[in-house]
Amino acid sequence: MAPVEAPPGNPLEQRARLAEDRLAEVLAAYRTLKKENEDVRERQSRNMERRFDQRRERLLLKFIDVLDNLDRALEAAQTSFAGQPLVEGMILVRTQLLQTLQDEGLDRIPVVGLPFDPAVSESVSTAPVKEPEQHHLVVKELLRGYRLNGRVARPSRVVIGIFEGAAAATEATAPAATPAESEAAAPAATAAPVPAEPSGADPSDPMTAETAGIPGPPVDHPIPPKAPASPRRKGR
């Protein structure tokens with residue numbers, strides 16, 4: 001036997017539908033509030049982690065200065081002929097400190113003997129070198145550089161080698177110009193035009209000689225006839 005459906009105007013059914021709608025609204029508001037709380041917690045957690053990393057990086061950078069001072073003290077102890085046990089102890093302390101910093105993500109940047117890279121080094125001065133292969137290479141490191149988690153925490157300060165004959169060597173190794181290029185580069189020689197001698201011209205003609213700019217033969221001018229001598233009168 002099929003169940004009998006309640007009429008649409010039943011007050012109990014209307015109350016049930018209102019309760020279901022209200023429950024759906026409450027559940028939606030709860031989910032929205034829960035998601036907002038989770039976003040706030042994640043944002044606060046990221047901020048705390050970022051602040052922790054910043055404080056950690058600042059602390060590691062301070063230990064870099066301590067490591068530099070330890071290196072200076074070790075160098076002074078070696079140059080002043082201090083006791084061997086003291087030098088060995090300082091070397092051991094330095095090794096432990098450097099290993100601890102490396103475990104925290106700090107790495108030294110190698111630069112000596114390599115081409116100068118402005119992204120990781122700062123050029124302080126230059127020094128002359130004798131070999132052309134050492135041109136623009138780092139010959140001395142004045143201050144060590146370090147990377148922290150792949151980023152440059154402190155650039156190196158270096159001295160760059162300069163080979164004085166680098167420019168001459170570059171010019172010597174330049175390819176020689178081909179004959180075609182030499183002809184194209186050389187200025188074209190301008191020859192003076194030679195005046196053509198007119199056909200049928202007589203070279204002995206003085207007008208032709210003067211026109212050509214060549215001295216002609218001497219011209220024979222006609223000699224006027226002498227006047228007849230007057231007859232002498234005989235004695236009267």
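Is Ser-156 buried or exposed? Hello everyone, let me start there. Ser-156 is buried, with a relative accessible area of 0%; buried here means under 20% relative accessible area, exposed means over 50%, and partly exposed is in between, using a 1.4 Å probe and protein chains only.

Before I go on, some housekeeping. This is a predicted model, where local features need pLDDT of at least 70 and side-chain atom pairs count only at pLDDT 80 or more, while totals for chains, interfaces and linings use all residues. Residues are numbered from 1 along each chain as its sequence is written, and side-chain values use heavy atoms, with hydrogens and water left out.

Now the overview. The protein has five helices and six strands, and from the N terminus the elements run α-α-β-β-β-β-β-β-α-α-α. Those elements are DSSP runs numbered from the N terminus: H or I over at least four residues for helices, E over at least two for strands. Of the 236 residues, 16% count as buried. The accessible surface comes to about 19700 Å², and 58% of that belongs to carbon and sulfur atoms; these areas come from the Shrake-Rupley method with a 1.4 Å probe, and for residues only the protein chains shown count as cover. Among contacts with a separation of 6 or more, 62% are between residues 24 or more positions apart, where contact means heavy atoms within 4.5 Å.

Next, the sheet. Three strands form an open sheet in the order β2-β6-β3, with mixed pairing; two strands pair if DSSP finds at least two bridges between them. Its edge strands are β2 (121–128) and β3 (138–143), each pairing on one side only. Neighbouring strands in this sheet are turned by 30 degrees against each other on average, direction ignored. For that angle, axes are lines fitted to C-alpha atoms, for helices over the stretch in contact, and angles run from 0 to 180 degrees between N-to-C directions. Strand β6 covers residues 156–162 and pairs with β2 in the parallel sense over seven bridges. Within that pairing, Pro-128 stands opposite Ile-162 in β6.

Leaving aside neighbours within four places in sequence, Ser-156 is in contact with a list of residues including Ile-109, Val-120, Glu-141, Arg-144 and Gly-145.

Let's move to the hairpin. Strands β4 (residues 146–148) and β5 (residues 151–154) run antiparallel and are joined by three bridges, with Tyr-146 opposite Arg-154 in β5. The hairpin has two residues between its strands. One to look at on your screens is Asn-149, in the loop between β4 and β5. Its phi is near 55 degrees, a positive value in a residue other than glycine, and Asn-149 is partly exposed at a relative accessible area of 45%. His-136 is another non-glycine residue with a positive phi, about 65 degrees. His-136 sits in the loop between β2 and β3 and is partly exposed, with a relative accessible area of 38%.

Tyr-146 also turns up in the largest nonpolar core, which has nine residues in all, including Leu-60, Leu-97, Leu-106 and Leu-148. A nonpolar core is a set of buried Ala, Val, Leu, Ile, Met, Phe, Trp, Tyr and Cys residues joined through side-chain atoms within 4.5 Å. Helix α1, helix α2 (84–103) and strand β4 each supply at least two residues of this core. Apart from it lies another core, of seven residues, among them Ile-109, Val-120, Val-138 and Ile-160.

Finally, two residues on helix α1. Asp-71 is found in this helix and is buried, with a relative accessible area of 11%. The side chain of Asp-71 makes a polar contact with the side chain of Arg-94 at 2.3 Å. A polar contact is a pair of N or O atoms within 3.5 Å; within protein, one must be able to donate a hydrogen and the other to accept it, and residues adjacent in sequence count only if both atoms are side-chain atoms. Not counting residues up to four places away in sequence, Asp-71 touches Arg-94 and Arg-144.

Gln-78 is also in α1, which spans residues 11–79, and counts as partly exposed at 45% relative accessibility. Beyond its neighbours within four places in sequence, Gln-78 is in contact with Val-87 and Ile-91.
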